[in-house]
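Subject: Structure handover

Hello,

I am passing a structure on to you. Please look it over first; my notes on what was found in it follow below.

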Amino acid sequence: MIQIAIILGSTRPGRRVEDVARWVAEAAGRHPAVKAGEAGLELVDIADYGLPLLDEPAPAVIGYYQNAHTKRWAATIGRFDGFVFVTPEYNSAIPAALKNAIDYLYAEWNDKAAGIVSYGVYGGTRAAEQLRQTMGEIKVADVHAQVAINPYFDFDFTDSKAGVCAPGERQETALTTMLDEVLAWSHALRVLRDPTTSADPRPGPT
């Protein structure tokens with residue numbers, strides 16, 4: 001089974017990332033590969049790991065992690081075959097907390113796939129582009145398809161002043177396409193991490 005982490009990329013009080021990630025998890029749960037038991041999903045909230053500003057004395061590429069919070073974070077990320085990053089856009093960039101969490105590790109990210117769900121006034125597209133640059137440096141294959149959530153069009157403010165993430169069918173279709181690519185690449189890249197692993201069969205596109 002392919003294991004995919006849905007990573008909540010903000011730790012700010014009052015954040016909307018939990019609401020967006022909830023929609024991602026619900027919509028992704030309707031993906032045929034997930035329903036068939038070929039893929040598993042898990043929400044991973046960086047806020048739960050209490051990562052301070054990077055405090056490892058050795059570069060992550062060496063893999064010599066000394067702090068308990070780093071080892072816990074590494075053990076979590078190491079379990080997954082691929083990722084869906086859910087990120088807001090702060091000042092045309094990803095949140096510092098997300099960049100910090102990524103920079104803690106190296107090998108645990110390598111040769112895996114990732115999709116991006118961004119949100120913000122402009123759909124968070126500038127944050128997504130910055131995140132793609134970072135993915136290349138840690139050897140993560142970011143897929144072409146992505147989801148860009150705009151609070152003006154994709155949130156329902158009927159019963160909540162802060163709004164509730166409620167994208168329509170168009171966005172769920174985009175998410176399904178992105179997951180098709182993430183699952184396919186996640187399976188294919190397993191061969192790089194373990195040459196004894198067969199690349200077939202793999203979850204197919206919907």
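**What was found**

Asp-111 sits in the loop that joins helix H4 (96-103) to strand E4. Please keep in mind that this is a predicted model. The phi angle of Asp-111 is near 55°, which is a positive value in a residue other than glycine. Its relative accessibility is 19%, and buried means under 20%, so Asp-111 counts as buried.

Lys-139 is another residue to look at for its backbone. Phi of Lys-139 is near 60°, again a positive value in a residue that is not glycine. Lys-139 belongs to the loop between H5 and strand E5 (140-142). With a relative accessible area of 41%, Lys-139 is partly exposed, because that class runs between the buried limit of 20% and the exposed limit of 50%.

On the surface there is a nonpolar patch formed by Val-121, Tyr-122, Tyr-152 and Phe-153. Together these residues have about 560 Å² of accessible area. One of them, Tyr-122, lies in the loop between strand E4 (112-119) and helix H5 (125-137). Tyr-122 has a relative accessibility of 57%, and therefore counts as exposed, as the cut-off for that class is over 50%.

Now the chain as a whole. The protein chain has seven helices and eight strands. Its radius of gyration is 17 Å, close to the 17 Å that the globule rule gives for 206 residues, so the chain is as compact as a globular protein of that length. Along its principal axes, the C-alpha trace spans about 50 × 40 × 25 Å.

Of the 206 residues in the protein chain, 49% are buried. Among the contacts with a separation of 6 or more, 75% are between residues 24 or more positions apart. The accessible surface of the protein chain is about 9,900 Å², and carbon and sulfur atoms account for 53% of that surface.

Last, the record. In the model, the span 3-151 is 33% helix and 23% strand, and its end C-alpha atoms lie 29 Å apart.

Regards

Notes: Residues are numbered from 1 along each chain as its sequence is written. This is a predicted model: local features need pLDDT of at least 70, side-chain atom pairs count only at pLDDT 80 or more; totals for chains, interfaces and linings use all residues. Side-chain values use heavy atoms; hydrogens and water are left out. Patches are made of residues with over 30% relative accessible area and no salt bridge: like charges are joined within 9 Å, nonpolar side chains (Val, Leu, Ile, Met, Phe, Trp, Tyr) within 5 Å. Accessible areas come from the Shrake-Rupley method with a 1.4 Å probe; for residues, only the protein chains shown count as cover. A salt bridge is a side-chain nitrogen of Lys or Arg within 4 Å of a carboxyl oxygen of Asp or Glu. Helices (H or I, at least four residues) and strands (E, at least two) are DSSP runs, numbered from the N terminus. Buried means under 20% relative accessible area, exposed over 50%, partly exposed in between (1.4 Å probe, protein chains only). The radius of gyration is taken over C-alpha atoms; the globule rule is 2.2 Å times the number of residues to the power 0.38. Contact means heavy atoms within 4.5 Å.
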